[in-house]
Amino acid sequence: MRKQLDKDKYENKIKSYAEVLKEYYPEPWLVYSLVRNKKMTKLEWIFDFLVGAGTVELADSLNDSSPYYLVKKDNLKMLEKATKFLKDYVNDVLSKENKMHVSYDLWEMYEGVHLYSLAAIFAAFSSMIKIYNVLGKNVSDFENNRLKEEKVHKNILELEELQVKVKNYIDEKLYDENRKSYVRNANDRKIDISLLGAVYPFNVFSSKEKKVLNTIDNINLTIRTYTGGYQRYEYDHYRNCSPWPIANLWMTLYYLENGEKKKAKETFDFVLKTAGKHSFLGEQIDNNTLKPNWVIGLGWSHAMFIIVLEKMS
């Protein structure tokens with residue numbers, strides 16, 4: 001049984017989260033600290049004030065574990081294996097060899113080559129490049145090891161090249177020139193709220209790019225309902241074509257990213273006014289009653305709500 005964390009011993013004294021891990025989780029590992037000295041957000045500070053006892057402040061004194069990247073020696077190998085799988089998948093899609101199975105969409109309903117999946121892979125490559133760059137020569141495994149340095153440099157170049165190819169594929173195959181909009185896949189070519197993932201959180205495109213702005217117009221024309229709520233995608237007949245709070249919250253995040261505060265407030269206010277008893281958010285909203293529909297207290301909706309609050313702060 002592991003001992004309890006001694007808050008008095010570590011509060012405001014920790015220089016590295018790794019020190020705590022090594023004392024309280026004494027497995028023989030090497031911890032690489034990739035992000036340091038992140039200050040508490042306003043939301044974290046308020047939570048700390050309400051809960052008391054410096055619980056969140058302690059996390060900040062440990063260089064804040066959220067977001068905080070820790071890469072164990074063994075985990076670096078694991079990340080490289082996961083990245084290899086993604087590289088193989090991308091190359092399979094680009095070559096049209098179809099040796100690997102296609103993925104499901106975000107809603108776990110349709111198989112295919114989806115824009116959201118490709119955008120997520122693009123972001124994964126960005127994260128892996130960041131890990132390589134931050135580790136650099138400050139890690140004993142890389143220092144003075146020319147072969148490993150060359151391998152890492154080669155990996156970075158390969159990931160950057162694949163990112164360009166993924167972005168080009170999305171532009172060429174998943175942008176409908178007739179509709180002037182990105183589409184979720186090359187098969188049904190529907191407008192889907194998950195198209196926003198290419199802007200937030202995956203940063204494939206900026207919020208102000210012309211094709212993105214065109215897509216936003218199409219989203220508002222096709223899946224925005226008369227009440228101001230947004231469906232997941234075109235012809236979404238699930239639960240009487242109900243809008244989803246997460247779709248509104250995603251639109252809010254886009255508008256905040258684009259600096260359109262008035263529109264962000266409009267899409268966010270719909271979520272606030274349709275919250276249920278005890279302010280719980282549902283999976284969908286009944287357009288007739290404007291009350292939560294189906295699953296109430298959905299973790300996904302609440303998680304997105306918190307992300308929006310943090311971005312607003």
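# Questions about the rings

Visitor: Why is Trp 300 called partly exposed?
Guide: Trp 300 has a relative accessible area of 37%. Buried means under 20%, exposed over 50% and partly exposed in between (1.4 Å probe, protein chains only), so 37% makes Trp 300 partly exposed. Please note that this is a predicted model, where local features need pLDDT of at least 70 and side-chain atom pairs count only at pLDDT 80 or more, while totals for chains, interfaces and linings use all residues. Residues are numbered from 1 along each chain as its sequence is written, and side-chain values use heavy atoms, leaving out hydrogens and water.

Visitor: And why does Trp 107 count as buried?
Guide: The relative accessible area of Trp 107 is 9%, which is under 20%, so Trp 107 is buried.

Visitor: How many aromatic pairs does a search of the whole structure find?
Guide: The search finds 10.

Visitor: What makes the pair of Trp 107 and Trp 300 tilted?
Guide: Rings of Phe, Tyr and Trp (its six-membered ring) pair if their centres lie within 6.5 Å; planes under 30 degrees apart are stacked, over 60 edge-to-face, and the rest tilted. Here the centres are 5.6 Å apart and the planes at 40 degrees, so the pair is tilted.

Visitor: Which parts of the chain does this pair link?
Guide: Trp 107 is in the loop between strand S3 (103–104) and strand S4 (111–112), while Trp 300 is in helix H11 (residues 299–312), 193 residues apart. Helices (H or I, at least four residues) and strands (E, at least two) are DSSP runs, numbered from the N terminus. Ring pairs also join Trp 107 and Trp 300 with Tyr 238 and Trp 244 in a cluster.

Visitor: Why is the pair of Tyr 116 and Trp 250 called edge-to-face?
Guide: The ring planes of Tyr 116 and Trp 250 stand at 90 degrees, with centres 5.9 Å apart, so the pair is edge-to-face. Tyr 116 lies in helix H6 (residues 115–135) and Trp 250 in helix H9 (residues 245–257), so parts 134 residues apart in sequence are tied together. Both Tyr 116 and Trp 250 are buried.

Visitor: How do you know that Arg 232 lies over the face of Trp 107?
Guide: A charge sits over a ring if NZ of Lys or CZ of Arg is within 6 Å of the ring centre and within 35 degrees of the ring normal. Arg 232 is at 5.2 Å from the ring centre of Trp 107. Arg 184 lies over the face of Tyr 233, at 4.4 Å.
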